[in-house]
Amino acid sequence: QVQLVESGGGLVQPGGSLRLSCAASGTILRIRAAGWYRQAPGKERELVATITSGSTTNYADSVNGRFTISRDNAKNTVYLQMNSLKPEDTAVYYCNAEMGIAAMRYWGQGTQVTVSS
């Protein structure tokens, strides 16, 4: 069974850092393109960052310069490094990935990021 397993969320003070991981498991299918999304209370889910199979990256204006999306193909894992965190970054973060040659999309289970003093 294909799973995207997220980890790394938690509570951090403003200005702090967290690193989220999204690891494919239970499959020989590899991650192709992937993205990180977030959903804050009372808001729509928004796209935070994307990475292509060729490692081209794009970022939402709200996180550009602070967040970095990356991948380790040997580990079949996508990361989101979050620096200089702000309270408005508080949200549930979800990874999404195209898997295998059919490019089927899968969602991670979500991980809570809370930025508060």
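Before I start: two strands pair if DSSP finds at least two bridges between them. I also keep in mind that this is a predicted model.

Entry 1: I looked up E1 and strand E3, which covers residues 18-25. They pair in the antiparallel sense, and I found five bridges between them. For a spot to look at on screen, I picked Ser7, which stands opposite Ser21 in E3.

**Entry 2: the sheet around that pair.** Next I asked myself in which order the strands of this sheet come. Reading across, I get E1-E3-E8-E7, an open sheet of four strands with antiparallel pairing. Strand E1 (3-7) and strand E7 (67-72) are the edge strands, as each pairs on one side only.

Entry 3: A reminder to myself: most residues other than glycine have a negative phi.

Then I went to the loop between strand E8 (77-82) and strand E9 (91-99), where Ser84 lies. Phi of Ser84 is positive too, near 50 degrees, and Ser84 is a residue other than glycine.

**Entry 4: buried or exposed?** Why does Ser55 count as partly exposed? Because its relative accessibility is 41%, and partly exposed runs between under 20% for buried and over 50% for exposed. Ser84 has a relative accessible area of 41%, so I noted Ser84 as partly exposed.

Definitions and conventions: Residues are numbered from 1 along each chain as its sequence is written. This is a predicted model: local features need pLDDT of at least 70, side-chain atom pairs count only at pLDDT 80 or more; totals for chains, interfaces and linings use all residues. Side-chain values use heavy atoms; hydrogens and water are left out. Helices (H or I, at least four residues) and strands (E, at least two) are DSSP runs, numbered from the N terminus. Buried means under 20% relative accessible area, exposed over 50%, partly exposed in between (1.4 Å probe, protein chains only).
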